[in-house]
Amino acid sequence: MKKPFVLDIHTHTLASGHAFGTIREMAQAAAEKELVLLGVSEHAPGIPGTVEPIYYSTLHHVPRTLYGVHIIHGCEINVLNDGTLSLAQKYIDYLDYAIVGIHELCYQDAGKRKNTENVISCMKNEKVFFVAHPDDDSTPLDYEQLVKAAKKYHVALEVNNNTFRRKTRRKNCLENYRNMLMLCMEYRTPVIVSSDAHDPSSVGECSMAKDFIEQTGFDETLILNTDAERFCDFIKMERHMG
């Protein structure tokens, strides 16, 4: 790719219950990777061991800059089988952004049509700007409907680096991503590339996802990771990143 990635917004700290770094350790790792922006997005209720919702109302205590890296606050919120989010709106309001996604720990496959409808329903929340790892045929999706809805509701679809690891349990992910990316080019729907880091060593590590995207011939102007100011504009956050 012509431009380097300067941000990573899908990461987890110790607070998520199954990750292994503090916010400061993640920020220091981001600085070492020459990132200018780090998003911390702990899991919402529904994932065992994660934070209590009150956590999100205390995020103002976290410095906005650590080790020269701008810190923004998100949450990876579960899509539920009734098409609602697993975090109450009064806590969502504290976030800079929300990522929504299906997780089998708190979702039962409802078939391609209903799964897609449930994700799209969650996209409509004004703080939802991203859909996490929409790649797994364990809970299949209608990609044309998903991409069109993402465009309509100002949401970017994620290419998740963890998908490309050998031990992933996700099904048919590569073909699903190829399909999704081609449709994103057709409808001019943006994407976000994420590490889904659960340890400081993985912050900013998106090399496998980047290689895959390059192989597909995807239009990199649709990728939000290369410009922090453009990213902040996308999430409607007024913050100078210079």
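## Chat about the chain end, a strand and the cores

Reader: Where is Lys236 found?

Author: Lys236 sits in the segment after helix H7, which covers residues 228-234. Keep in mind that this is a predicted model.

Reader: Is Lys236 buried or exposed?

Author: Lys236 has a relative accessible area of 63%. The cut-off for exposed is over 50%, so Lys236 counts as exposed.

Reader: What about its phi, positive or negative?

Author: The phi of Lys236 is positive, about 60°, although Lys236 is not a glycine. Most residues other than glycine have a negative phi.

Reader: OK, and where is Asn172?

Author: Asn172 lies in the loop between strand E7 (156-160) and helix H5 (173-187). Asn172 also has a positive phi of about 60° without being a glycine. Its relative accessibility is 43%, so Asn172 counts as partly exposed.

Reader: Switching to strands. Which way do the residues of E5 point?

Author: E5 covers residues 98-101. Ala98 and Val100 point one way, Ile99 and Gly101 the other way, and all are buried. In a regular strand the side chains alternate between the two faces of the sheet.

Reader: Which strand pairs with E5 over three bridges?

Author: Strand E4 (residues 69-78) pairs with E5 in the parallel sense over three bridges. Glu76 has Ile99 of E5 as its bridge partner. Strand E6 (residues 128-131) is also joined to E5 by three bridges, and E5 and E6 run parallel. There, Val100 has Val131 of E6 as its bridge partner.

Reader: Now helices. At what angle do H3 and H4 pack?

Author: H3 (residues 112-123) and H4 (residues 143-152) pack at about 5°, and their axes are 10 Å apart. Angles under 35 degrees count as roughly parallel, so H3 is roughly parallel to H4.

Reader: Which residues make the contact?

Author: From H3 they are Thr116, Val119, Ile120 and Met123; from H4 they are Gln145, Leu146, Ala149 and Ala150. By class, the contact of H3 with H4 has six nonpolar, two polar and no charged residues.

Reader: How many residues are in the largest nonpolar core?

Author: The largest nonpolar core has 47 residues. Ile77, Leu87, Leu95, Met123, Leu157 and Met180 have the most contacts inside it.

Reader: What does Leu87 touch?

Author: Leaving out residues up to four places away in sequence, Leu87 touches Ala44, Pro45, Pro53, Tyr56, Cys75, Ile77, Ile92 and Leu95.

Reader: And the second core, what does it include?

Author: The second core is separate and has 19 residues, including Leu7, Ala132, Ala228 and Phe234.

Terms used: Residues are numbered from 1 along each chain as its sequence is written. This is a predicted model: local features need pLDDT of at least 70, side-chain atom pairs count only at pLDDT 80 or more; totals for chains, interfaces and linings use all residues. Side-chain values use heavy atoms; hydrogens and water are left out. Axes are lines fitted to C-alpha atoms, for helices over the stretch in contact, and angles run from 0 to 180 degrees between N-to-C directions. Helices (H or I, at least four residues) and strands (E, at least two) are DSSP runs, numbered from the N terminus. Angles under 35 degrees count as roughly parallel, over 145 as roughly antiparallel, 65 to 115 as roughly perpendicular and the rest as oblique. Contact means heavy atoms within 4.5 Å. Ala, Val, Leu, Ile, Met, Phe, Trp, Tyr, Cys and Pro count as nonpolar, Asp, Glu, Lys and Arg as charged, and the others, Gly among them, as polar. A nonpolar core is a set of buried Ala, Val, Leu, Ile, Met, Phe, Trp, Tyr and Cys residues joined through side-chain atoms within 4.5 Å. Buried means under 20% relative accessible area, exposed over 50%, partly exposed in between (1.4 Å probe, protein chains only). Two strands pair if DSSP finds at least two bridges between them.
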